[in-house]
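The following paragraphs lead the reader through one protein chain, from its overall form to single residues. Please keep the sequence and the model in view while reading.

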Amino acid sequence: MTYLKSIFNKKSIFWMVCAIIIWIVLLVELLVSLKNGNDEFTYSFASYEEHSDIPLDVSIVISKSWDDTEEGYHLIGAQYDGTVINKTGKEVRDWRLTITLPSDDCLIDSSWNGTYELNGRSLTVVPDEYVYIIEKDNLRSFGFILKSEKECASFKYEISGRHITYKEEYAIYWILILTTVVYAVTFIVYAVMQIKLEMRRRNDDEIIRQTMMSFVNSIDARDEYTKGHSVRVAEYSSMLAKELGFTEEEVRKIGYIALLHDCGKIIVSDTLLKKTGKLTAEERSQIQQHTVIGGKMLEDFTSLKGAREGALYHHEYFNGEGYPQGLKGEEIPLPARIICVADSFDAMNSDRCYRNHLGRERIINELIRNKCVQFDPVIADCMLKLIESGKISILE
Ligand SMILES: [Fe+2]
């Protein structure tokens, strides 16, 4: 699923949609060309020699003739051999030829390569199935034996049919094929690269997470009561960020920032950390210094934007009464405001050396009471929502 997400992100989907639109436009263009390519035609002419611009050369020659006088009725028999030469540059199909004979006293004796129908002076030739296609630059022949009073020296022709253009003859077809291949190859290369990147990112992520965990666990483990505190705060902060509508990447970053929020505690002595009695003003000030120290420690941790702010400002109050700088409201960086809620919730929901964890009602009341005091009200509401929905549970 994560791999699919890395392949189909907003940017890639945009380019894929653009590519598909271009592909569809090319396809439509090809279909339109194919439709227009199969156009019908009709050419009428008396003699091909006089109409050489017509791309279908129809001619009839008399190959032999004889006297066919019967019972005193004078008739001339003749064999008329015809050809149709296709010079259209395209294939011709379903052609049909109408020949206008010079007189209407003719009789068809026999014919070949088609069906012939004589109607007055009009002789229609419908080619047989095996000759109804004339390939580009090819010819078809036809012929008939005609009996008439005198030889027919000239004819008028009308030829009709359909021009056929095959898809392979269109440049757009090859452009479409090329585009499809380029798209497919690009997509495969892109997908493989993204999967490899995602695998590397996961590996890097795991290394970073484990390094941070080792570091923060070494701080939290100094006090039995705060063991696992940073990990839990990181978890709650991530959940809050998700609830606030952050992207997956932002949620992940907030988790890391929160994980490091108490790193400055490294300078607080064990005695002070574990002290159960009331803290003196000096001791309180020393503990509060963990924010400043944490901020300094993370100053150069620029690859995780917001890490310094998370550590430095997570004890600032929304009403401006927190420490170390007394920032107010939205002056406090958002990651720090999130950590503040998550940190306080975990403190209330954990046993400490000086008290047991608070009850459900008390925690909820504290979250409500401290809206706009300690907590950003929007984030406090998110925490209440997460508790209400059972996504974050309170100790019994
Ligand atoms: Fe802290």
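Two residues are in contact if their C-beta atoms, placed from the backbone, lie within 7 Å. On that basis, 69% of the contacts in the protein chain with a separation of 6 or more are accounted for by residues 24 or more positions apart. The model under discussion is a predicted one.

The overall form may be considered first. Along its principal axes, the C-alpha trace of the protein chain spans about 150 × 35 × 35 Å. The radius of gyration of the protein chain is 46 Å, whereas a compact globule of 396 residues would have one near 21 Å. Of the 396 residues, 24% are buried. The secondary structure comprises 11 helices and 10 strands.

The domain assignment divides the protein chain into domain 1 (2-37 + 170-187), domain 2 (40-164) and domain 3 (221-388). Taken over C-alpha atoms, the centres of domain 1 and domain 2 are separated by 49 Å.

Four of them form an open sheet in the order E2-E3-E9-E5, and their pairing is antiparallel. Strand E2 (56-67) and strand E5 (107-112) stand at the edges; each has a single partner strand, so one side of each is left without a neighbour in the sheet. From one strand to the next, the twist averages 20 degrees. The pairing of E5 with strand E9 (residues 139-148) is antiparallel and runs over five bridges. Opposite Gly-143 in E9 stands Trp-112.

Another antiparallel pairing joins strand E6 (residues 114-119) and strand E7 (residues 122-127) over six bridges. Here Tyr-116 stands opposite Val-125 in E7. E6 and E7 form a hairpin with two residues between them, and Gly-120 in the turn has a positive phi of about 65 degrees.

Attention now turns to a loop residue. Lys-167 is found in the loop between strand E10 (156-164) and H3. Is this residue buried, exposed or partly exposed? Lys-167 counts as partly exposed because it has 15 C-beta neighbours inside 10 Å. Not counting residues up to four places away in sequence, Lys-167 touches Leu-30, Leu-34 and Tyr-173. The C-alpha atoms of Lys-167 and Asn-365, which are 198 residues apart along the chain, are separated by 75 Å.

H3 has 50 residues and reaches 70 Å from its first C-alpha to its last, close to the 74 Å expected at 1.5 Å a residue. Which residues of H3 are buried? They are Met-212, Val-216, Ile-219 and Asp-220. The buried residues of H3 pack against H4 and H5.

H5 has 12 residues and reaches 17 Å from its first C-alpha to its last, close to the 16 Å expected at 1.5 Å a residue. The buried residues of H5 are Lys-253, Ile-254, Gly-255, Tyr-256, Ile-257, Ala-258 and Leu-259. These buried residues pack against helix H3 (171-220), helix H4 (229-243), helix H8 (307-313) and helix H9 (334-348).

How values were computed: Residues are numbered from 1 along each chain as its sequence is written. This is a predicted model: local features need pLDDT of at least 70, side-chain atom pairs count only at pLDDT 80 or more; totals for chains, interfaces and linings use all residues. Two strands pair if DSSP finds at least two bridges between them. Helices (H or I, at least four residues) and strands (E, at least two) are DSSP runs, numbered from the N terminus. Axes are lines fitted to C-alpha atoms, for helices over the stretch in contact, and angles run from 0 to 180 degrees between N-to-C directions. The expected span of a helix is 1.5 Å times one less than its number of residues. A residue is buried if 20 or more other C-beta atoms lie within 10 Å of its own, exposed if 12 or fewer, and partly exposed in between; C-beta atoms are placed from the backbone. The radius of gyration is taken over C-alpha atoms; the globule rule is 2.2 Å times the number of residues to the power 0.38. Domain bounds come from an automatic or database domain assignment.
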